[in-house]
Amino acid sequence: MRIAVIGTGYVGLVSGICYAELGHSVVCVDKDPDKLATLQAGGIPIYEPGLKELSAKGVAAGRLRYTGDLAEAVRDAELVVIAVGTPPLPSGEADLVYIDAAALEIADSLRAGAIVAVKSTVPVGTNERVQGLIRTRTTVPFDSVSLPEFLREGSAIRDTLEPDRVVIGAESREAAEKLASLHRPLTRNILITDLRSAELLKYASNAFLATKISLINEIANICEKVGADVSQVAEGMGLDRRIGPAFLQAGIGYGGSCFPKDTRALIQIAGHVAYDFKLLRSVVEVNREQRLNVVRKLETIFDGELRGKTVAVWGLSFKPNTDDVRESPALEIMRRLTEAGARVRAYDPVAMPNFRKLFGDEGVDWCDAAEEAASGADALCLLTEWEEFAREDLHKLQTILKRPILIDGRNLFKEEDLKGTSFVYYSIGRPS
Ligand code: UGA
């Protein structure tokens, strides 16, 4: 299939590269000259394991190219995938300016019989809106399809090439069948729905996963009070196939560009039809509170006085294996610490430059290695469970810190890791 992908953010880039990997002819379009220059020079503007190599493979095989010329890319395409950003407006609602602009521009070059698929996460009714906008500019026949994306950052290639399911929302049976054939090599779980259901089920899936996380975090908070261990509780819950073990990892809450944005957007979508999504509002509130858990623990340890203390922070990205710091819990935690007068010594294997751009330098020493950050600190907080932190020698670490205090915000370490050390160890929902 000849495919044009509009927008080379996470979703667009990974989808385009993976379609090329499947043997299709793909053109990825982006307006940002810097991004484009990076891509055309063989680079990748995001950190995603394996993506650069897969892109190079597609380009070398002549199946993948990057351009800034949308018209030229769309003119020949049998499938046009819209994967532009839908950033949140101050109300939490998704901003559709990029979607609208893409729709109008596509219309001018669309070939008859093409399929226009929206992969961006969009409010219910957006595919119909896109259809309407295209029809204001052209009379060529085309089909509209909603193709929600379920990949996770850090494991984007595997999630795309081996997805749990592919959802195709379509009005036309023929268009749905064409897209089903495109995705059949990836999974047998292909669900064809109407447009609106496909749009909603993407939000519903993220809302459900966010709810699982907030639920286990509240259970963890109760564990701390009653002397239970949330890891054991979660393990036992997860053995029930109706519950499942995934997304029951207690910690400092979810971040990233999806759960925070999509939960708020779904609350707005419900609000527009006069429905108060009480459960989801609580999920968001629990998550906002959960990240402060680490700060409260530090306050307890230091009798409410953080001024003059040095706190080492390990991990700044919202999860491991990504340089994405959007809505990372570390942002709020470090803001609270520095505002309270603590000095932070921060380290992350890849996300430091992005974090620094958002956070600024006030009150922070940026360190080149985990041990350097820990050196001379009054306490160490682990905020992202990068694998390299799990390999740290805790016996050595306790001699580097000024005080052997470790707050493990992701429950990365186990009891046996700490055996023989003098660490004062706090985690989330497990006995200290
Ligand atoms: C999430 C969904 O998992 C994807 O299916 C979806 O496609 C994507 O959003 C999206 O809408 O684009 P992502 O945000 O990349 O993917 O990462 P996740 O692995 O879902 O993690 C999200 C956050 O939840 C992270 O901050 C992570 O640390 C946290 N989390 C996850 C927990 O605190 N506990 C868990 O058990 C699992």
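Two strands count as paired if DSSP finds at least two bridges between them. Helices (H or I, at least four residues) and strands (E, at least two) are DSSP runs, numbered from the N terminus. What you're looking at is a predicted model, where local features need pLDDT of at least 70, side-chain atom pairs count only at pLDDT 80 or more, and totals for chains, interfaces and linings use all residues. Residue numbers start from 1 along each chain as its sequence is written.

**View 1. Strands β9 and β10 side by side in an open sheet.** β9 (residues 310-314) and β10 (residues 343-347) run parallel and are joined by five bridges. Zoom out and you get six strands in the order β11-β10-β9-β12-β13-β14, with parallel pairing. β11 (364-366) and β14 (424-426) are the edge strands, each pairing on one side only.

View 2. Angles here run from 0 to 180 degrees between N-to-C directions, with axes fitted to C-alpha atoms (for helices, over the stretch in contact); a contact means C-beta atoms, placed from the backbone, within 7 Å. Helix α13 (residues 293-301) lies across β9, β12 (379-382), β13 (405-408) and β14, at about 160° to β13. Helix α14 (residues 329-339) touches β9, β10 and β11, and its direction makes about 155° with that of β10.

View 3. Of the 21 residues here (C-beta atom, placed from the backbone, within 6 Å of the ligand), Glu153, Gln249, Tyr254, Gly256 and Cys258 come nearest. α9 (195-226) and α11 (259-272) are the elements that give two or more residues to the shell, and α9 gives the most, with three. Glu153 sits in the loop between β6 (142-146) and α7 (156-161). Domain 1 (2-193) and domain 2 (202-289) both give residues to the shell, so the ligand lies between them; the bounds come from an automatic or database domain assignment.

**View 4. Positions from the UniProt record.** The unreviewed entry lists residues for "binding site", among them Phe150, Glu153, Lys202, Gln249 and Lys319; such annotations may be inferred rather than shown by experiment. The listed positions span 170 residues in sequence, with the farthest two C-alpha atoms 24.2 Å apart, so they do not all gather at one spot.

**View 5. Where domain 2 meets domain 3.** Ten residues of domain 2 are in contact with 15 residues of domain 3. The C-alpha centres of these two domains lie 24 Å apart.

Key: Contact = placed C-beta atoms within 7 Å.
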